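Please read it alongside the sequence and the 3D view.

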Amino acid sequence: MEECLVHDLIMQTKEIQDDLKSILLIDHNNSFKLIHEDQYINGITADFTLVSNNKIRAIVECKAGNIGITDYVRGIGQVMQYEYFYEEKITPKSIEYDTIFNSVLLFPSSVIKNNIFNVGRFKYPKSTVIVELNDSSKVLRRINDSELDKLKEATEQNLVTISQYYIRDNRLYELYILLNYLTFLKFKGVNEVNRNDSEELFLNHIGTQNNGNWRNAFISLSSLGFIDSYNIPTSSGVKYANLTFEKFAVEIYKSYIKPYFEVILQLFNTGEQVDISNQEICDRIKQRYLGRDVLFLTESEGRYISSWLNILRDDYGCLEFAPRKKERRMTYDLLNYNEEGLEAAIKSKSIAYEYINKYFTLLNNQKAYVYNF
């Protein structure tokens, strides 16, 4: 993605602007303005000055998806200057700074996926918020310190990175249910959701496969950029919640987790039973990468691979296997399906709808939920 396209998407897409507000915890009722290519001192031009309630809340530096390390380091230097502008109260057009300020370094997801350099192995200014724009879904998400540390470890441990996204020990239908529930609460006027209360008061009653472990679903939604730090859906989160489950699953597949499926499903042929353990799957995948582990796939003694296999079985219905059994069969190869065909396959084979229907039944029972958290 070229930098000019990144600029255009920010200027022209309200959902992206709303997602940026959510990331920076800007009240959506505040006045909001983006000043494009704003001129500061020493001939420095910021890609965007973000003004909220007539005060500078952030200065944004954008980068293209195909940049090299020199341009990336230059971007870090630019956001450092933006932090300096804030500290010295250097403003264009006599606009004051807000008491809270962030410099923002924003780039497409391909910067990480291309593996030219590791964004976790740089020092960033204290005020800097790192934001990723997904090349496919056009959803913004914040890359927090824990993810930077994980990416840093990938280099230190000689891991291969094929995707920076991970669904944390959940089925996709559980993310879909939680996102729908949080969207419901948002439109009921709830401004902050307590994870423990929501789990105890409502979510545990659904009885999903990971019941009692909804914390991971919250973490996954946050890492995808679908909810903010108050557990309230972003603009993009609301958009995804309004999809049917089969469309939701297809979009998650296309934009976030396809690289994992491409690696796993090459070990299977449609209709054939394969006797292979989780550890054997990990070992064969590592052979493809000259013995190196793959981030979020072959690590942790098969725990990650177990999670992906469960998603392929239960959400997409393209694998069949019993718990703790080595016998596995691929019922269809989702990699060969177009979007329409994949939606139809999911609708006919996924177990998700049993739980989704139960969720809506419980939600319609006025005694089953409390939303004054």
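In this predicted model, the buried residues of helix H12 are Tyr 304, Ile 305, Ser 307, Trp 308, Leu 309, Asn 310, Ile 311, Leu 312, Arg 313 and Asp 314. Ten of the twelve residues of H12 are therefore buried, and the helix is largely enclosed by the rest of the structure.

**Helix H12**

- H12 covers residues 303-314, and its end C-alpha atoms lie 17 Å apart.
- At 1.5 Å a residue, the twelve residues should span 16 Å, so the two values agree.

**Phe 261**

- Phe 261 is found in helix H10, which runs over residues 245-265.
- Its relative accessibility is 0%, so Phe 261 counts as buried, the cut-off being under 20%.
- Apart from neighbours within four places in sequence, Phe 261 is in contact with Tyr 253, Trp 308, Ile 311, Leu 312, Tyr 316, Leu 334 and Leu 335.
- Among these contacts of Phe 261 are Trp 308, Ile 311 and Leu 312, which are also listed as buried residues of H12.
- Val 79 is 182 residues from Phe 261 along the chain, and their C-alpha atoms are separated by 36 Å.

**Helices H1 and H2**

- H1 (residues 3-12) packs against H2 (residues 14-23) at an angle of about 85 degrees, with the axes 5 Å apart.
- The two helices, H1 and H2, are therefore roughly perpendicular to each other.
- H1 contributes Leu 9, Ile 10, Met 11 and Gln 12 to the contact, while H2 contributes Lys 14, Ile 16 and Gln 17.
- By type, the residues of this contact between H1 and H2 are four nonpolar, two polar and one charged.

How values were computed: Residues are numbered from 1 along each chain as its sequence is written. This is a predicted model: local features need pLDDT of at least 70, side-chain atom pairs count only at pLDDT 80 or more; totals for chains, interfaces and linings use all residues. Side-chain values use heavy atoms; hydrogens and water are left out. Helices (H or I, at least four residues) and strands (E, at least two) are DSSP runs, numbered from the N terminus. The expected span of a helix is 1.5 Å times one less than its number of residues. Buried means under 20% relative accessible area, exposed over 50%, partly exposed in between (1.4 Å probe, protein chains only). Axes are lines fitted to C-alpha atoms, for helices over the stretch in contact, and angles run from 0 to 180 degrees between N-to-C directions. Angles under 35 degrees count as roughly parallel, over 145 as roughly antiparallel, 65 to 115 as roughly perpendicular and the rest as oblique. Contact means heavy atoms within 4.5 Å. Ala, Val, Leu, Ile, Met, Phe, Trp, Tyr, Cys and Pro count as nonpolar, Asp, Glu, Lys and Arg as charged, and the others, Gly among them, as polar.
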